[in-house]
Amino acid sequence: METTHSSTTTADVIIVGGGIGGLTAALSLHAAGIKALVLESAREIRPLGVGINLQPAAVRELDELGLLDELAALGVPVVEQKFVNNSGRTLFGEARGKAAGYNWDLYSVHRGELQMMLLDAVVKRLGPDAVRTGVQVEGFEETADGVRLHAVDRATGSQVTFTAGAVVGADGIHSTLRGLLHPDEGPLKWSGVTMWRGVAEAESFAPGNSVVIAVDDKKTGLVAYQISGAALKRGRTLINWVCLVPTGRPGPLGSDVSWNAPGKIEDLLPHYADWDFDWADLRDLFAKSEEILEYPMVDRDPLPSWGRGRVTLLGDAAHPGYPAGANGGTQAIIDARVLAYHLAVEPDVTKALAAYEADRVPATAAIVLANREVDRVGRNTSGSGTASGKDLEELTDSYDRTTGEAEKLNTRASLTPPRVERG
């Protein structure tokens with residue numbers, strides 16, 4: 001069959017990827033008067049995934065985009081982060097969100113519901129043509145005054161060309177754009193840990209509005225928290241759980257690893273056979289999950305720069321990190337806001353993107369490295385029944401200094417730029 005070709009001239013900024021970061025970027029650019037187009041490879045954006053924590057820094061940005069009420073209706077505000085051992089005994093607890101002095105809550109929410117909330121806002125504010133699904137980007141080239149993107153329409157198989165003043169790769173941990181910009185980077189770095197994740201509905205969650213982090217003396221971990229405000233209103237609770245189990249030696253990730261593969265409860269249960277919480281039956285929690293996902297815990301070494309010229313990266317495409325600090329979605333949202341700010345205040349696109357990277361590359365690199373340290377120290381100390389919690393307290397204090405303490409966030413100037421009127 002002959003391949004057809006078409007050409008489309010599109011937007012000021014093309015965003016490759018319709019996830020949390022990409023959709024927030026579209027909303028932020030629109031608010032600044034900059035025309036954005038989102039290209040998503042999936043043929044349909046559906047509410048997939050499990051739970052996610054949005055730190056106060058991200059909640060502030062969604063608040064400034066006028067989405068706080070919708071977020072609050074979806075999620076659960078977190079008041080405490082609690083470290084326990086595998087018998088449920090508390091080793092250390094720390095206030096989070098408004099309870100820790102922030103002007104904004106920390107919210108736990110279903111990732112898919114958050115993505116759909118952002119998608120609905122994009123369609124409502126930018127119009128239904130602002131998001132093109134089923135478009136797989138394959139390459140790009142810079143021109144004298146813009147970028148030309150080469151893609152395939154997955155529904156028809158036709159080649160499509162898009163042009164824009166700037167291109168942002170927000171296409172996740174397996175980013176095509178990152179691969180084009182950094183072709184010699186090599187595979188993802190595996191921590192040696194396999195993760196199983198799921199969501200289960202239950203009658204109650206005894207720790208309440210807390211994120212619970214547990215580790216045993218074999219460095220096997222569990223994270224659990226509530227993610228649905230709607231479930232709580234009807235007298236139930238939706239619990240997101242994450243199991244982290246050392247299953248191999250850290251090193252480059254092999255090409256034969258499955259991502260988001262269906263997990264088997266029989267693979268999971270032996271690692272938690274001697275766990276005994278008074279507030280949760282783990283076997284029952286795992287069994288009630290409609291779907292269990294299995295995938296490796298990975299990251300990449302930070303890059304000195306993400307893009308070049310009129311092309312850059314955002315979110316996990318730019319700085320994939322361990323989930324240890326619960327900061328991935330938060331940093332993608334902040335990326336989006338900082339990107340829109342610089343493009344709004346600097347008319348030279350290449351200078352604007354350089355300023356964006358100057359702000360975000362060192363900040364996110366520090367967080368990627370801090371996430372590694374949180375994982376290392378947390379899994380080496382939490383499981384000890386005699387641990388005082390001092391190491392954990394020092395760890396969380398250090399992490400907060402890296403990611404942004406309450407006073408710094410509360411007093412920082414807004415990232416909402418003056419609106420740009422473009423012809």
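Modeller: Helices (H or I, at least four residues) and strands (E, at least two) are DSSP runs, numbered from the N terminus. This is a predicted model, in which local features need pLDDT of at least 70 and side-chain atom pairs count only at pLDDT 80 or more, while totals for chains, interfaces and linings use all residues. Residues are numbered from 1 along each chain as its sequence is written, and side-chain values use heavy atoms, with hydrogens and water left out.

Colleague: How many cavities of 30 Å³ or more are there?

Modeller: A cavity is a set of points, on a 1 Å grid over the protein atoms alone, where a 1.4 Å probe fits but cannot get out; lining residues have an atom within 4 Å of a point. Grid points are joined across faces, edges and corners, and a volume is the space filled by probe spheres set on the points. Here the count is 1 cavity of 30 Å³ or more. The largest cavity holds about 50 Å³. It is lined by 13 residues, and P302, L303, A318, H319 and V368 are the closest to its centre.

Colleague: Which helix gives the most to that lining, and how does the lining of the largest cavity divide by class?

Modeller: Helix 10 (residues 349-381) gives the most, with 4 residues. For classes, Ala, Val, Leu, Ile, Met, Phe, Trp, Tyr, Cys and Pro count as nonpolar, Asp, Glu, Lys and Arg as charged, and the others, Gly among them, as polar. The lining has 8 nonpolar, 2 polar and 3 charged residues.

Colleague: At what angle do helix 1 and helix 4 pack?

Modeller: Axes are lines fitted to C-alpha atoms, for helices over the stretch in contact, and angles run from 0 to 180 degrees between N-to-C directions. Helix 1 (residues 20-31) and helix 4 (residues 111-126) pack at about 30°, with axes 9 Å apart. That makes helix 1 roughly parallel to helix 4, since angles under 35 degrees count as roughly parallel, over 145 as roughly antiparallel, 65 to 115 as roughly perpendicular and the rest as oblique.

Colleague: Is the crossing of helix 1 and helix 4 left-handed or right-handed?

Modeller: A crossing is left-handed if the near helix is turned anticlockwise from the far one by less than a right angle, and right-handed if clockwise. The crossing of helix 1 and helix 4 is left-handed.

Colleague: How do helix 1 and helix 9 pack?

Modeller: Helix 9 (residues 328-345) packs with helix 1 at about 30°, the axes being 8 Å apart. Helix 1 is therefore roughly parallel to helix 9, and this crossing is right-handed.

Colleague: At what angle do the axes of helix 2 and helix 9 cross?

Modeller: The axes of helix 2 (residues 56-64) and helix 9 cross at roughly 45° and come within 8 Å. That makes helix 2 oblique to helix 9.

Technical notes: 1 Å grid on protein atoms, 1.4 Å probe; cavity = no way out; pocket = protein on both sides within 12 Å on 5 of 7 lines; lining within 4 Å.
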